[in-house]
Amino acid sequence: MTRSGTGSGKAVLRPQPSEAMRNAVTLSPMTQDDLDAVIAIEQSAYGHPWTRGNFRDSLNPLFDAQCLWLDGELLGYFLAMRGFEEMHLLNITVAPAHQGQGWGHMMLDALSLLSRHEGAQWLWLEVRQSNLRALQVYARYGFKQVSIRKDYYPAGRLQREHAVVMSLKL
């Protein structure tokens with residue numbers, strides 16, 4: 001279940017960060033100490049946010065959980081699960097105030113490198129069918145649609161939404 005963006009599908013134009021700013025960001029493994037900041041972003045970005053327990057359970061050796069920081073501010077994070085010769089992106093989120101500035105693409109680059117380093121040949125994800133912005137980002141990055149998972153995501157009281165399954169050959 002990939003989480004990306006706000007899920008609204010709406011593009012927001014923001015000034016692009018300078019090269020110096022891009023060079024100042026750091027990517028570090030997510031820890032228990034990061035969870036308050038992660039949860040704050042998660043709750044601001046989604047109508048159906050992951051819980052603290054979801055994140056806490058992902059802080060183990062089967063997962064790669066990374067945080068993107070700039071001057072002590074959390075810009076975004078991703079979580080991916082290792083498989084045999086593949087990596088499955090479960091959640092990638094940029095803080096709403098920092099969306100549209102290339103941070104998501106930067107995290108996808110980091111995840112692709114990390115995945116290749118760990119021997120993955122494929123990167124997989126699911127994304128809400130209604131999340132047009134994320135679908136565009138993933139397609140531009142090179143992901144291809146593989147299938148649809150019917151009624152995969154919660155979408156309100158007693159409602160469900162289909163997921164688009166995508167993959168990227170690394």
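What share of the contacts with a separation of 6 or more in the protein chain comes from residues 24 or more positions apart? The figure is 64%, with contact meaning heavy atoms within 4.5 Å. Please keep in mind that this is a predicted model, where local features need pLDDT of at least 70, side-chain atom pairs count only at pLDDT 80 or more, and totals for chains, interfaces and linings use all residues. Residues are numbered from 1 along each chain as its sequence is written, and side-chain values use heavy atoms, leaving out hydrogens and water.

**Fold and burial**
- Five helices and seven strands make up the list of elements in the protein chain, counting DSSP runs of H or I with at least four residues as helices and of E with at least two as strands.
- Their order along the sequence is α-β-α-α-β-β-β-α-β-α-β-β.
- Of the 170 residues, 44% are buried (under 20% relative accessible area; exposed is over 50% and partly exposed lies in between, with a 1.4 Å probe and protein chains only).

**Aromatic pairs**
- There are six aromatic pairs in the structure (Phe, Tyr or six-membered Trp rings with centres within 6.5 Å; planes under 30 degrees apart are stacked, over 60 edge-to-face, the rest tilted).
- Tryptophan 122 and tryptophan 124 form a tilted pair, because their ring centres are 6.1 Å apart and their planes stand at 35°.
- The rings of tyrosine 152 and tyrosine 153 have centres 5.1 Å apart and planes at 85°, so this pair is edge-to-face.
- Tyrosine 152 is partly exposed at 27% relative accessibility, whereas tyrosine 153 is buried at 1%.
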